[in-house]
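Can you walk me through a protein structure, one feature at a time? I'd like the general idea and then the actual case.

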Amino acid sequence: MLKINEQLTIPADEMQFVASRAGGPGGQHVNKVSSRVTLRFDVAGSRRLEERDRDRLLSVLATRISNDGLLQVSAHASRSQAANKAEVIERFRQLVADALRPPKERKATRPSRGERRRRLEGKRHRAKVKRTRGKVRNLDE
């Protein structure tokens, strides 16, 4: 069981781990050892997620979820498969916890008088600069 937050724990049987060879530099070791770990989690088919949590995950993590509803998280920083598995589990936990956290309510505010004044002065200055970029006229005419 992986505890995401106070309300949600995900059983280990809903997470699938796949080991594969990591890319990048590393010479002979990286070519023969499957140290990259990919965690796959079926967001669409999870029994533990409530409908609102599922919808929230599908919308917030839409770019990371495949068409099949699978969320994939990988780690390959370490040479050790066990270390990469621990890292991918923590990344997954943090990713899901952040996605389920509701966004802060925005409090409507108004710009201060000074901010409005500085903005308008900047606009006037910019307009003056652009006005002076016109053709140069001969003063003798």
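This is a predicted model: local features need pLDDT of at least 70, side-chain atom pairs count only at pLDDT 80 or more; totals for chains, interfaces and linings use all residues.

Q: What share of the residues is buried?

A: Buried means under 20% relative accessible area, exposed means over 50%, and partly exposed is in between (1.4 Å probe, protein chains only). Of the 141 residues in the protein chain, 24% are buried. As for the accessible surface (Shrake-Rupley method, 1.4 Å probe; for residues, only the protein chains shown count as cover), the chain's total is about 10,900 Å², and 48% of that belongs to carbon and sulfur atoms.

Q: Which residues have the most contacts inside the largest nonpolar core?

A: General idea: in soluble globular proteins, nonpolar side chains tend to be buried together. A nonpolar core is a set of buried Ala, Val, Leu, Ile, Met, Phe, Trp, Tyr and Cys residues joined through side-chain atoms within 4.5 Å. The largest one here has 22 residues, and Ile4, Phe41, Leu57, Leu71, Phe92 and Val96 have the most contacts inside it. Strand E4 (36-42), strand E5 (70-75) and helix H3 (81-100) are the elements that give two or more residues to this core. The largest share, six residues, comes from H3.

Q: Which residues is Phe92 in contact with?

A: Contact means heavy atoms within 4.5 Å. If you skip its neighbours within four places in sequence, Phe92 touches Leu2, Ile4, Ile10, Met15, Leu39, Phe41, Leu71 and Val73. Phe92 counts as buried because its relative accessibility is 0%.

Q: And how many aromatic pairs does a search of the whole structure find?

A: Rings of Phe, Tyr and Trp (its six-membered ring) pair if their centres lie within 6.5 Å; planes under 30 degrees apart count as stacked, over 60 as edge-to-face and the rest as tilted. The search turns up one pair. Its rings belong to Phe41 and Phe92, with centres 5.3 Å apart and planes at 65 degrees, so we call it edge-to-face. Phe41 is in strand E4 and Phe92 is in helix H3, so the pair ties together parts 51 residues apart in sequence. Phe41 is buried too, at 0% relative accessibility.

Q: What else can I look at in helix H3, say Asn84 or Ala97?

A: Asn84 lies in H3 and is buried, at 0% relative accessibility. Leaving aside neighbours within four places in sequence, Asn84 has contacts including Val37, Ala75 and His76. Ala97 is also in H3, and it counts as buried because its relative accessible area is 9%. The C-alpha atoms of Ala97 and Ile4 are 5.8 Å apart, although 93 residues separate the two along the chain.

Q: Now the charges: how many salt bridges are there?

A: Side chains of opposite charge can pair when their charged atoms come close. A salt bridge is a side-chain nitrogen of Lys or Arg within 4 Å of a carboxyl oxygen of Asp or Glu. A search of the whole structure finds seven.

Q: Where do Arg91 and Glu87 lie?

A: Both are in helix H3, four residues apart, which is about one turn of the helix. Arg91 is partly exposed at 38% relative accessibility, and Glu87 is partly exposed at 26%. Glu90 and Arg93 form a salt bridge as well (2.8 Å, N to O).

Q: Which residues are linked in a network of salt bridges?

A: Glu50, Arg52 and Asp53 are. Between Glu50 and Arg52, the closest N and O atoms are 3.5 Å apart. Glu50 is partly exposed at 44%, whereas Arg52 is exposed at 57%.

How values were computed:
Residues are numbered from 1 along each chain as its sequence is written. Side-chain values use heavy atoms; hydrogens and water are left out.
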